[in-house]
Amino acid sequence: MARTPEGPPPPPAVQRLRLRYAKRGRLRFSSHRDFQRAFERALRRADVPMAYSAGFSPHPKVSYANAAATGVASEAEYVEIAVARRCDPELVRAALDASLPPGLDVIEVVEAGPGSLVDRLEASVYEIRLSGVDLSTARAAVIAFLEQPEVMVERMTKNGLRSFDARAAVVALRATPEEAGLSVESVDPAPCAILRLVVRHTMPAVRPDDVLVALRRVADLAPPVPPSVTRLAQGPLDTATDDVADPLVPDRP
Amino acid sequence: MAVESVFPRLEALLPLVQKPIQYVGGELNARTKDWDACDVRWALMYPDAYEVGLPNQGVQILYEVLNEQAGVLAERTYSVWPDLEALMREHGVPQFTVDGHRPVSAFDVLGVSFSTELGYTNLLTALDLAGIPLEARDRTDEHPIVLVGGHAAFNPEPISDFVDAAIVGDGEQAVLLTSQLIRAWKNEGRPGGREGLLLSLAKTGGVYVPAFYDVDYLPDGRIQRVAPNRPGVPWRVSKHTVMDLDEWPYPKTPLVPLAETVHERMSVEIFRGCTRGCRFCQAGMITRPVRERSITGIAAMVEQGLAATGFEEVGLLSLSSADHSEIAEVAKGLADRYEGTNTGLSLPSTRVDAFNIDLANELSRNGRRSGLTFAPEGGSERIRKVINKMVTEQDLINTVTAAYGAGWRQVKLYFMCGLPTETDEDVLQIAQLAREVIRTGRKVTGTRDIRCTVSIGGFVPKPHTPFQWAAQLDHESTDARLAKLRDAIRGDREVGKSIGFRYHDGRPGIVEGLLSRGDRRIGKVIRAVWANGGRFDGWSEHFSFDRWMAAAEVGLAGTGVDVDWYTTREREYAEVLPWDHIDSGLDKDWLWEDWQDSVGGGEVEDCRWTPCYDCGVCPQLDTEIQIGPTGVTMLPLTVVSSPVLAR
């Protein structure tokens with residue numbers, strides 16, 4: 001006497017949309033699960049005609065890719081949704097952006113073309129701000145790190161303490177001064193070095209904090225305050241330039 | 001004078017703590033008003049972790065009611081976990097609000113809502129982190145008024161050292177009146193300073209200021225009398241009652257957190273109060289009379305709330321939701337309106353009758369039917385008469401037959417252990433009941449794939465109930481009785497594997513009992529527990545029974561009374577109870593007669609449907625029962641299907 005839902009099955013997906021969003025300011029402290037809940041509620045408030053899975057507990061069809069860690073800000077997070085009626089991507093973008101809290105900002109929505117989005121997300125670019133660390137110290141640490149063929153670090157994962165190499169996945173690492181004009185350095189004399197990290201997506205993932213642990217291991221780099229980290233981009237890795245391309249290019253009309 | 005945000009300093013600590021999102025605020029529907037444009041400023045606290053405190057309806061209601069007023073501002077603050085507490089102490093970051101991240105000490109009032117006594121130590125942590133002196137007598141004009149409310153405030157005596165004032169009953173109108181008095185006092189140049197303000201609050205008759213009362217004790221430790229020590233301060237302080245719920249449709253725009261919380265749904269309170277007369281139930285006694293929200297009022301709140309939040313589930317809340325006079329129409333109307341929208345509806349009702357199953361079926365028309373919960377509360381027919389829970393074993397079997405027959409697969413049963421006059425035999429009958437439930441379920445469904453969960457906790461006698469005089473069962477006996485029940489259930493080879501057994505050990509109940517029925521002498525105990533590291537006592541991983549007992553040993557030394565005196569001792573009619581001067585509207589003689597009747601197995605009907613039995617609330621508070629039916633029906637909603645998004 002098993003029950004099944006009455007009525008017709010839910011309407012099928014007729015269109016897939018790919019979203020790029022940013023996680024900014026204090027909302028960088030939201031976890032991936034926090035974002036999922038906020039996003040699915042925003043879809044309901046914005047009245048996006050989502051496609052749902054069948055069964056007694058229908059779920060909206062949303063695929064999340066490669067979320068940045070809790071505490072890491074991001075300009076380049078990606079999500080794919082399926083809708084049951086065709087929508088204008090720009091209208092969806094505006095409605096969702098208005099519906100999400102400030103700090104979770106929808107930057108772009110495109111209709112999905114062929115191919116998997118996740119497969120295009122080969123690497124990430126991160127900016128790591130090291131307040132209280134002067135440029136020469138940061139540069140020395142970067143050089144020491146890049147000289148190593150391998151730097152083992154440990155991190156607590158779901159499956160317990162794991163030991164892995166934080167060096168091989170790093171495609172590029174550079175220390176630069178804070179951009180002139182952006183900050184008021186004459187007023188604030190505290191030094192601040194910026195690291196620009198390009199890292200390949202591997203298993204297990206090498207994250208910015210793993211690289212920071214590695215820098216501490218090879219060069220005793222110990223920032224006096226927790227560094228602030230922002231993911232600037234994700235996408236296909238261009239091995240010629242060691243840079244990351246825009247993953248939505250193939251989808252754009 | 002501008003008050004600076006502590007966020008920049010807090011932000012540096014957040015990468016180092018668990019679940020930092022709970023401290024950043026910015027929830028959907030949160031508001032931060034201009035500090036300088038307001039002259040009455042409230043910090044509202046729920047003294048538990050954010051995940052428990054954020055969904056609290058009381059705080060959300062007052063937050064919205066206050067912020068709607070011109071010139072009045074309210075921000076929220078919650079207990080911080082020990083990891084952040086340690087960092088805040090190390091870096092000198094004070095207790096802050098999550099809205100504006102302003103220091104709590106900068107507000108005019110710190111309003112704290114106590115649902116449970118086990119939050120008392122968390123109040124002390126917040127005061128200390130805020131830089132507010134722990135004891136009210138050490139505070140100056142510079143410090144906020146510490147004002148408490150909530151169900152636990154119906155006996156504020158154990159925390160009277162730490163609070164400036166307590167308000168009992170419904171807060172909606174009380175906070176507005178308080179705001180007016182604060183504004184008047186400020187505009188007049190703060191006459192009389194802090195004490196002047198407290199005196200103006202006390203003179204309303206609805207605000208209890210512990211410092212304005214003296215307590216004398218008899219040589220044997222009992223209270224001799226509690227008397228006001230200032231002219232104009234009333235002998236008894238009365239509770240506040242909002243009469244027309246439709247005039248107070250709050251929260252209109254519920255808060256939607258980013259962080260995960262204990263209730264991931266929107267709640268609409270469908271009525272307040274309960275007159276079922278369960279003798280153990282403090283909530284049912286202190287929230288009388290029953291006041292219903294109308295069917296149209298409920299429909300409007302659900303519609304507006306869903307649009308404002310995007311929640312996927314709506315809970316229809318009250319003390320016994322199936323008792324709303326138009327609940328069938330409400331359930332059908334909402335199920336019709338939201339059919340096909342993937343919006344879940346839930347009715348947390350635990351009534352044991354077939355009507356309840358019809359309601360649950362209606363609300364889960366096209367959803368999963370996993371579990372239903374019923375609360376017979378007592379294992380034997382005799383003990384159910386003692387507590388005035390008029391449910392027979394046949395009622396329960398009929399109800400679960402209907403539930404399993406309608407496709408529900410799991411039935412949860414709630415019970416209490418340690419009720420007055422209870423014996424081992426009363427509790428062991430729970431095993432018998434559970435067996436009958438499983439047998440019935442297997443017969444009705446023709447499958448063994450059904451379950452029954454028995455959930456049981458120790459009974460704690462509460463103030464303002466007929467059991468306020470009762471002896472609490474000591475924790476050793478509670479644990480022994482629960483162990484016997486567990487063995488009886490597990491040892492049943494026929495059905496044992498289909499019955500889940502969940503129970504709470506008796507020791508936290510003793511501390512809750514000490515705090516529930518304690519008097520002013522308990523303040524020293526609370527302070528000692530806190531000083532020894534007591535935090536989050538409602539969480540089993542933080543609770544330490546030994547810490548409480550050691551603190552009681554020290555704190556009560558020289559008083560002639562001890563923990564047993566407060567908990568396992570039965571009181572006599574003539575004893576002055578610590579909360580006698582807090583007027584919940586209930587007539588003490590009626591409570592006593594009901595207590596006497598209970599031991600003799602006498603029953604009381606629900607006065608919504610039978611004549612008044614003179615509990616005292618309506619004449620005492622000049623209130624009356626407010627129930628339907630209104631006869632109005634819910635019209636179908638015109639579903640607006642986002643044409644803007646369509647191409």
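**Rings, charges and a chain contact**

Visitor: Which residue lies over the face of B:Y63?
Guide: That's B:R76, at 4.9 Å from the ring centre. Bear in mind that this is a predicted model.

Visitor: And what does B:R76 form a salt bridge with?
Guide: Its partner is B:D99, and the closest N and O atoms are 2.8 Å apart. The two come from distant parts of the chain: B:R76 is in strand β2 of chain B, while B:D99 is in the loop between α4 and β3 of chain B, 23 residues apart.

Visitor: Buried or exposed, B:R76 and B:D99?
Guide: B:R76 is buried, and B:D99 is too.

Visitor: What about B:W565, what sits over its ring?
Guide: The charged end of B:R569 does, 3.9 Å from the ring centre.

Visitor: OK, back to salt bridges. How many over all chains?
Guide: By the rule used here, the count is 71.

Visitor: What does B:D323 meet in a salt bridge?
Guide: The side chain of B:R608, at 3.4 Å from N to O. B:D323 is in the loop between β12 (313-317) and α10 (327-338) of chain B, and B:R608 is in the loop between α20 (588-599) and α21 (617-621) of chain B, so the pair ties together parts that are 285 residues apart in sequence.

Visitor: Why does B:R608 count as buried?
Guide: Because its relative accessibility is 9%, and buried means under 20%. B:D323 is buried as well, with a relative accessible area of 3%.

Visitor: How about B:K389, which residue does its side chain meet in a salt bridge?
Guide: B:E377, at 4.0 Å from N to O. This pair also links distant parts of the chain: B:K389 is in the loop between α12 (381-386) and α13 (393-405) of chain B, and B:E377 is in strand β14 (residues 371-377) of chain B, 12 residues apart. B:K389 counts as buried at 16% relative accessibility, and B:E377 counts as buried at 13%.

Visitor: Switching to aromatics. How many aromatic pairs over all chains?
Guide: The structure holds 20. One of them is B:Y23 with B:F96, an edge-to-face pair at 6.4 Å centre to centre with 75° between the planes. B:Y23 is in the loop between α1 (7-11) and β1 (40-49) of chain B and B:F96 is in the loop between α4 (82-91) and β3 (109-113) of chain B, so this pair ties together parts that are 73 residues apart in sequence. Both B:Y23 and B:F96 are buried.

Visitor: How do B:W81 and B:F536 pair, stacked or edge-to-face?
Guide: Stacked, at 4.2 Å centre to centre and 15° between the planes. B:W81 is in the loop between β2 (72-79) and α4 of chain B, and B:F536 is in the loop between α17 (523-531) and α18 (545-555) of chain B; those are distant parts of the chain, 455 residues apart. B:W81 and B:F536 are both buried.

Visitor: Which residues of chain A form one aromatic cluster?
Guide: A:Y21, A:F35, A:F39 and A:Y64.

Visitor: Let's talk about the contact. How many residues does it take from chain B and from chain A?
Guide: 46 residues from chain B and 39 residues from chain A. Together the two chains bury about 3,400 Å², with 51% of that on carbon and sulfur atoms.

Visitor: And how many salt bridges between chain B and chain A?
Guide: The count is 6. A:R37 forms a salt bridge with B:E260, with the closest N and O atoms 3.8 Å apart.

Visitor: Which elements give two or more residues to the side of chain B that touches chain A?
Guide: α1 and α9 (295-309) of chain B. α9(B) gives the most, with 3 residues.

Visitor: A:R37 and B:E260 again: which residues are linked with them in a network of salt bridges?
Guide: A:R33, A:D34, A:R41, B:E264 and B:E312 are linked with A:R37 and B:E260 in that network.

Visitor: Last one: where does B:E157 lie?
Guide: In the loop between β4 (145-149) and β5 (165-166) of chain B. At 2% relative accessibility, B:E157 counts as buried. Leaving out residues up to four places away in sequence, B:E157 touches B:Y208, B:V215, B:G518, B:D519, B:R520, B:P578 and B:H581.

Notes
Residues are numbered from 1 along each chain as its sequence is written. Chains are lettered from A and ligands numbered from 1 in the order in which they are written. This is a predicted model: local features need pLDDT of at least 70, side-chain atom pairs count only at pLDDT 80 or more; totals for chains, interfaces and linings use all residues. Side-chain values use heavy atoms; hydrogens and water are left out. Rings of Phe, Tyr and Trp (its six-membered ring) pair if their centres lie within 6.5 Å; planes under 30 degrees apart count as stacked, over 60 as edge-to-face and the rest as tilted. Helices (H or I, at least four residues) and strands (E, at least two) are DSSP runs, numbered from the N terminus. Buried means under 20% relative accessible area, exposed over 50%, partly exposed in between (1.4 Å probe, protein chains only). A charge sits over a ring if NZ of Lys or CZ of Arg is within 6 Å of the ring centre and within 35 degrees of the ring normal. Contact means heavy atoms within 4.5 Å. Buried area is the accessible area (1.4 Å probe) that two parts lose on being put together, summed over both.
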